[in-house]
Amino acid sequence: MELKDVLAQVADGTLSVDDALNELKKDSYEDLSFAKIDHSREARIGFPEVIFGERKTPDQVAQIAVAIYQRSGLVLGTRADAEHYDAVKAVLPDAVFYENAKIITVGEPKEQIGNVAICTAGTTDIPVAEEAALTAWMCGAEVHRYYDVGVAGIHRLLDQVEDIRKANAIVTVAGMEGALASVIGGLVNAPIVACPTSVGYGANFGGLSALLAMLNSCAAGTAVVNIDNGFGAGFMAAKINRQTVKGRES
C-alpha cells in the first residue's frame, strides 16, 4: 500500500494507527533476494532509492529499476554502462542512457525549480559534472552548466560570474590542483559543493591533491564530496536549492 493511501485511510478512520504501522513496516522494503529495495526512502528524504550500477549485473540493475519504477515512477541509476542500459531498456522502454555521465534515467521530475550551477575547471571534468547535473535535474532542480572555466584562464570564469551568482547552490568540479572551488567560493554568496576529480598528472595522486586542496579551502561556505562523486555533489546541491526555494516561499 502506498504511503499516501495509508495516511489517507488513517485520516478518514478506515485504518487504525496500529494497522497503519504494520502496513508501513511491511512496505518499508521489497526483498529481491539479492537486494532489498528501500521503498520508503522517497517519503523520508524526498527522492527514491538510487541504483549504483558498478559491479552489479545488468539483470540485477534491471530488476531493481523495475521495482523502483513501479512504486515511484522515477529511476536514477549511476555508474551504469551500455549493458546495464540494454537490460533496463528491455523492461522499461522509456529508459534513457547518458553515456558520458554513465547515468540511466526512467521518467522525468515533475518540476524544475530554483537554480543550481554546475561549473567545471576543464573539459575533462565534464563526465563527473554531468553526473552532478543530471542528478540535480532528476531531483527537481533547474540546472545551468558553466564548463571549462578553470583558473588557468580565469577571464573565462569572470565572464560568467554574474550568472553563476544567481544560483542557490553551486557545484564546482575540478581535478589538477582543485583551485576552482576556492576561487568561485570567494566570488559568490551561495553555498559551494566542491567535487574533486581524478583528472591530473602523477602528483595529483588520482584526485587526492584536488580533494586536499578543497578540504583546505579558505573560502567559507564550501563543503566537499569524495573524488569523482558527481552524484553526491548534485544531490546535495539539489537539497540546498529546494530548501532555499521553500524558505523564500514561506
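Lys166 is exposed in this predicted model, with a relative accessible area of 56%, where exposed means over 50%, buried under 20% and partly exposed in between (1.4 Å probe, protein chains only). Lys166 forms a salt bridge with Asp163, the closest N and O atoms being 3.3 Å apart; a salt bridge is a side-chain nitrogen of Lys or Arg within 4 Å of a carboxyl oxygen of Asp or Glu. Asp163 is partly exposed, at 34%. Elsewhere, salt bridges that share partners join Asp38, Arg41, Arg44 and Glu49 into one network. Asp38 counts as buried because its relative accessibility is 14%, whereas Arg41, at 26%, counts as partly exposed. Glu162 and Arg165 also meet in a salt bridge, at 2.4 Å, N to O, and Arg165 is partly exposed at 39%. The whole structure holds 10 salt bridges.

Residues are numbered from 1 along each chain as its sequence is written. Because the model is predicted, local features need pLDDT of at least 70 and side-chain atom pairs count only at pLDDT 80 or more, while totals for chains, interfaces and linings use all residues; side-chain values use heavy atoms, with hydrogens and water left out.

On a 1 Å grid over the protein atoms alone, a cavity is a set of points where a 1.4 Å probe fits but cannot get out, whereas a pocket is an open set with protein on both sides within 12 Å along at least five of seven lines; lining residues have an atom within 4 Å of a point. The largest cavity contains about 50 Å³ of space, a volume being the space filled by probe spheres set on the points, which are joined across faces, edges and corners. Its lining includes Ile51, Val61, Ala65, Val88 and Ile104. Helix 4 (58-72) and strand 4 (75-78) each give two or more residues to this lining, and strand 4 provides the largest share, three residues. Helices (H or I, at least four residues) and strands (E, at least two) are DSSP runs, numbered from the N terminus.

The second largest pocket has a volume of about 210 Å³. Of the 16 residues that line this pocket, the closest to its centre are Ala121, Gly122, Gly150, Met176 and Glu177.
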